[in-house]
Amino acid sequence: MITDRMGWGEKRVEGKEYWRWTEYNWRNPDIDPKEADTLTAGVDVGSVSTQAVIMTDGKLFAYANMRTGFDSPDSARKAMDWALENTGLTLDDIHYCVGTGYGRVNVPFAQRTITEIACHARGANYIYGPTVRTVLDMGGQDCKVIRCDEKGQVTAFLMNDKCAAGTGRGMEVFADLLSVPIEEMGAMSLEVDEEPPMVSSTCVVFAKSEAVGLLRLGWPKAKVLAAYHAAMAHQVANLLRRLGMEEDFAITGGISKNIGIVARLKRELDVEPLTTDYDPQIAGAIGAALFARALLLRQRRAE
Amino acid sequence: MGYIAHYGYTDGSGDWYISIDTELCNGCGECVTACPVGLLQLVEDEYNPLSDELKASVKPEHRKTIKYDCGPCKPVTDRPPLPCVEACKPGAISHSW
């Protein structure tokens, strides 16, 4: 239902939630899980999204990516059920499950919890290959820089967990403010002839009021988005410079799918991030499932 | 294989990090008792889950407030050596400010 017109000549649809991204699940039809020796799972309960991954003998078999609700145990269970859907498996068939992420203590069916920093390094090593040395994980509510070795073992990390600047939550706020679907923000932010000065504050609340001011000055949406994306990329680049950047460089987490941020990071740091056919948002859950496999094999050896 | 763990945050007023070099940290726990605020702890190596060693780390409840929690040991003038840094014989602990 179209109810009103906005100042930019576009229609705003009443009740549309621009921040809401599409949830999805996936399964590899070529793998028969019944033949697998080890069936392990990783559940990454983030502050904004939850991913559940199932691996057969260390190979990606199925996963689901959903929104984390207010009830973390429920989100974990729902994501897991969705990943298991149409696989012929039930939760009881999983040999070992590791919980990770912000809500990792709230995964009721996990045998063990592991910090998401270790899991993201391990997962990035899996999806981007062993040449990855610096991983930038841009999550829903915090942002981390992780250095790792060729085995995906953490060698240093830096986490900005004080503030939501430079994170998915900030992007959601801007999607809503500008009525731009969150998946299209990055591309739209690149539709400017010239980069505008970045918003002076990366604090989401301050940046939001600054953006409102810019809109009143008559800036088009793309220009406001460019100013915000540039500020966010700059904030993250500072974090990377602080820990020191060693190539190869890779980005994980939801914001790695935002080309506006990736392009500006490339420009500011003069690096080429690795690309992959895997979904970079499930790196943490993949890492957890790989740790689950290692722990399961160790447990079997001990028995 | 060790790594360097930075606990803390960057905010509008600067960088506030305690860094622990786990290559050097031997898990002796001297820093835990030396810290007057009790913000350090010995835990299973969180970032290397397949290892069984214990390592010093900043307690999670202090990680977002260390600028203030470390304040008592950091007067503006006449700053004595930090108890945690002094207690750590291998020299694994450093502060960013």
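Before we look at the sheet, a word on terms: two strands pair if DSSP finds at least two bridges between them, and strands are DSSP runs of E with at least two residues, numbered from the N terminus. What you see is a predicted model, in which local features need pLDDT of at least 70, side-chain atom pairs count only at pLDDT 80 or more, and totals for chains, interfaces and linings use all residues. Residues are numbered from 1 along each chain as its sequence is written, while chains are lettered from A and ligands numbered from 1 in the order in which they are written.

Now, which strands make up the open sheet of seven strands? In order they are β12(A)-β9(A)-β10(A)-β11(A)-β1(B)-β2(B)-β5(B), with mixed pairing. Because β12 of chain A and β5 of chain B each have a single partner strand, they stand at the edges, and one side of each is left without a neighbour in the sheet.

Where the chains join, β11 of chain A (residues 154-160) pairs with β1(B) in the parallel sense over two bridges, and A:Phe157 stands opposite B:Ala5.

Counting contacts (C-beta atoms, placed from the backbone, within 7 Å), 16 residues of chain B touch 19 residues of chain A. Strand β1 of chain B, residues 4-11, gives the most to chain B's side, with six residues.

Notes
Helices (H or I, at least four residues) and strands (E, at least two) are DSSP runs, numbered from the N terminus. Two residues are in contact if their C-beta atoms, placed from the backbone, lie within 7 Å.
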